[in-house]
Number of protein chains: 2
Amino acid sequence: MITLTYRIETPGSIEALAAKIASDQSTGTFVALPGETEELKARVAARVLAIRHLPDATQPSLPGSGSGPFRRADVDIAFPFDAIGTDLSALRTIAIGGTYSIRGLSGIRVIDMKLPEQYRGAHPGPQFGVAGSRGLTGVEGRPIIGTIVKPALGLRPHETAAMVGELIEAGVDFIKDDEKLMSPAYSPLAERVKAIMPGILDHEQKTGKKVMYAFGISHADPDEMMRNHDLVLQAGGNCAVVNINSIGFGGMAFLRKRSGLVLHAHRNGWDILTRHPGLGMDFKVWQQFWRLLGVDQFQINGIGSKYWEPDDSFIRSFEAVTTPLFSSDDCALPVACSGQWGGQAPETYERTGRTVDLLYLCGGGIVSHPDGPGAGVRAVLQAWQAAVEGIALADYARDHIELARSIEKFGDGKAA
Amino acid sequence: MITLTYRIETPGSIEALAAKIASDQSTGTFVALPGETEELKARVAARVLAIRHLPDATQPSLPGSGSGPFRRADVDIAFPFDAIGTDLSALRTIAIGGTYSIRGLSGIRVIDMKLPEQYRGAHPGPQFGVAGSRGLTGVEGRPIIGTIVKPALGLRPHETAAMVGELIEAGVDFIKDDEKLMSPAYSPLAERVKAIMPGILDHEQKTGKKVMYAFGISHADPDEMMRNHDLVLQAGGNCAVVNINSIGFGGMAFLRKRSGLVLHAHRNGWDILTRHPGLGMDFKVWQQFWRLLGVDQFQINGIGSKYWEPDDSFIRSFEAVTTPLFSSDDCALPVACSGQWGGQAPETYERTGRTVDLLYLCGGGIVSHPDGPGAGVRAVLQAWQAAVEGIALADYARDHIELARSIEKFGDGKAA
């Protein structure tokens with residue numbers, strides 16, 4: 001049995017709408033049909049398990065939905081496993097897709113999905129995840145500290161490589177292409193890999209520390225994406241940024257089966273599915289698909305991000321990607337990002353169960369530190385040390401000059 | 001130059017928001033960065049070309065966006081071609097994805113996309129399209145008439161085959177699996193193909209008419225989807241239903257390069273991207289991606305559909321899929337569907353430029369005709385004949401009994 005929870009809203013009857021969702025997504029049609037026997041219904045019919053009423057809304061989530069009050073409820077609907085199976089495109093099509101098209105609802109949001117035991121082992125899941133990310137970076141006992149090459153777009157490969165050289169020297173554990181950088185004319189991936197990887201390998205030779213560099217390998221064509229993957233792997237790279245919503249389930253499934261790289265997911269475009277609280281889908285649901293498909297590291301914004309997403313939503317996302325579906329091996333490494341500079345370390349730590357199992361990604365927060373990126377990395381490490389020790393940043397900064405300088409620069413606003 | 005048009009809404013300044021979108025999606029970040037030279041900006045910077053102000057909204061599209069008035073405008077933003085290239089995942093990531101995450105907007109909808117000459121020939125496009133669909137079905141001079149096996153789910157292969165046999169005898173040109181039917185335990189695709197195809201081929205032998213049957217081959221894993229494709233092709237089938245949003249760009253690109261089947265797109269799940277008029281994306285934009293990727297036939301609802309979508313939206317979708325991007329070969333065959341029974345033929349014909357180049361898909365409207373599916377097909381053909389001749393259906397029904405009986409049954413409501 002596969003159970004979905006929908007938050008529904010309607011000027012009509014909640015019970016009727018719930019029944020309609022169950023019917024439409026399984027046997028139902030608007031006209032009585034020959035052949036719709038009881039046996040058939042038992043085979044595939046979805047059932048409404050529970051309805052939990054919520055306070056009415058005065059405004060409909062979808063404008064033009066008639067006059068209120070708009071009744072709201074959380075509704076659990078169960079689908080027989082055999083009607084769907086373990087294919088994720090069937091799951092999405094049957095249990096989610098069609099629900100958005102139903103007439104008479106003024107809002108619908110998929111807020112939970114419980115997969116049955118049959119899904120255990122049916123999908124590859126993360127190849128590296130938390131343990132693999134730690135093993136490859138050699139970072140234990142603290143967050144993996146990452147940064148992003150900035151400016152986001154426009155640098156030629158040799159310019160990117162020069163900047164990467166500086167970031168490696170600065171002591172970061174992880175560097176990534178901006179998600180918008182894939183293989184444009186001014187920086188073809190092949191040339192970027194060729195320009196960047198020698199510096200990474202050279203640093204590894206000298207220091208034993210291999211910086212994980214995530215190259216933007218996304219391509220709508222899985223064959224092209226695999227060529228991109230192979231370029232990175234053959235040059236000694238170990239990570240890739242994948243824009244999951246732009247490549248789709250198919251791109252991700254194809255890549256994961258053949259991948260030798262840590263797959264770092266960027267969910268660019270995702271917001272439109274979740275930003276309106278009465279519509280779309282919670283990340284808690286969406287991330288399940290991608291973890292089963294094989295995401296190793298999941299970007300989920302952070303405390304005080306520069307985007308629309310509220311902190312509470314980030315905290316829920318963090319909890320989602322770190323909660324096992326079937327075992328801890330299917331968890332992704334959470335990547336806190338967007339506007340991070342270290343100042344958010346205490347709150348991040350306190351609100352995520354006091355874990356240091358995360359990739360903490362700072363763009364401008366490291367690169368634009370007034371004393372350079374090396375100082376930027378030290379400041380972030382100091383902030384996390386303070387967070388773990390439970391010391392206020394301002395106090396810790398008294399004898400940690402890099403953190404003090406970060407607070408001066410970023411303390412009243414946001415980094416990028 | 002790639003030009004996107006966004007309908008934006010904000011309690012703040014339209015001009016500032018437009019500039020921010022252009023900046024965020026190309027060079028921009030929140031902190032001034034080293035290396036952001038003028039030369040680099042010229043290489044990748046997006047530019048605001050035009051702002052067309054619209055009347056204010058009193059309610060924000062996204063609740064909790066502060067107090068109004070909410071200013072609205074259509075904004076054209078141009079991206080340099082070299083910053084994106086022709087990869088559709090880059091196009092989606094750069095020109096669309098990140099825009100949904102920006103703070104300070106109370107609504108954003110992508111309403112147009114103009115691709116430059118460099119895209120001509122860069123993607124496979126439809127392999128069969130309108131001409132191929134006509135050639136394979138042998139239908140000229142009128143709409144291709146299709147139906148859907150009902151009930152949607154739950155029939156075993158032999159039960160489906162029996163129903164298909166009846167539909168073939170009824171004289172339909174096209175039959176499809178419901179989009180929710182892929183390869184469940186009670187009807188594995190291999191068995192369904194084996195049960196259905198002999199009847200189709202037998203009928204072709206006897207009559208010369210090969211009914212086009214669209215099998216549900218979607219699978220999140222492109223390798224599995226290709227196996228499904230091959231099952232159909234090897235058994236003599238010539239069409240497949242693909243749930244484009246569930247397989248993603250990657251699944252579609254992979255399939256199209258290797259496909260010998262007509263690809264019939266179902267856009268299940270699409271509604272959540274377009275149903276709220278202030279958010280998401282117009283179908284006019286979305287369908288461009290899928291036509292470039294290779295959709296041959298595009299389901300777009302119909303007049304008086306049983307879903308939420310208004311008729312005007314269907315008409316715009318029809319125009320979208322039949323308007324060449326670069327040549328008429330890249331058009332998809334529009335598939336009018338949902339609640340169709342023939343009664344909508346006159347309005348469909350009048351409002352789509354008086355064309356009969358469409359697949360007209362009736363589920364219950366054929367299957368549940370009071371005198372059986374054969375009469376149902378004849379009724380639909382009669383309705384289209386009346387539409388083309390400009391004769392009112394009620395008049396035409398006087399000496400066309402099947403149409404008269406359809407009007408009796410479906411005339412006051414909807415078929416399915």
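Figure 1. B:Gly343 sits in the loop that joins strand 12 (333-336) to helix 13 (345-351) of chain B. Helices (H or I, at least four residues) and strands (E, at least two) are DSSP runs, numbered from the N terminus. The model is predicted: local features need pLDDT of at least 70, side-chain atom pairs count only at pLDDT 80 or more, and totals for chains, interfaces and linings use all residues. Residues are numbered from 1 along each chain as its sequence is written, chains are lettered from A and ligands numbered from 1 in the order in which they are written, and side-chain values use heavy atoms, with hydrogens and water left out. B:Gly343 counts as partly exposed because its relative accessibility is 25%; buried means under 20% relative accessible area, exposed over 50%, and partly exposed in between (1.4 Å probe, protein chains only). Apart from neighbours within four places in sequence, B:Gly343 is in contact with B:Tyr360 and B:Leu393, where contact means heavy atoms within 4.5 Å.

**Figure 2. The aromatic pair of B:Tyr360 and B:Trp384.** The rings of B:Tyr360 and B:Trp384 are edge-to-face, 5.3 Å centre to centre with 80° between the planes. Rings of Phe, Tyr and Trp (its six-membered ring) pair if their centres lie within 6.5 Å; planes under 30 degrees apart count as stacked, over 60 as edge-to-face and the rest as tilted. B:Tyr360 belongs to strand 13 (residues 359-362) and B:Trp384 to helix 15 (residues 373-389) of chain B, so the pair ties together parts 24 residues apart in sequence. B:Tyr360 is buried, at 0% relative accessibility, and B:Trp384 is buried with a relative accessible area of 3%.

**Figure 3. The aromatic pair of B:Phe314 and B:Phe318.** These two rings, B:Phe314 and B:Phe318, are edge-to-face, with 6.0 Å between centres and 80° between planes. B:Phe314 and B:Phe318 are separated by about one helical turn because they are four residues apart in helix 12 (residues 311-322) of chain B. Both B:Phe314 and B:Phe318 are buried.

**Figure 4. A salt bridge between the chains.** A:Glu159 forms a salt bridge with B:Arg43, and their closest N and O atoms are 3.2 Å apart. A salt bridge is a side-chain nitrogen of Lys or Arg within 4 Å of a carboxyl oxygen of Asp or Glu. Between chain B and chain A the count is eight salt bridges. On the side of chain B that touches chain A, the largest share, 11 residues, comes from helix 9 of chain B.
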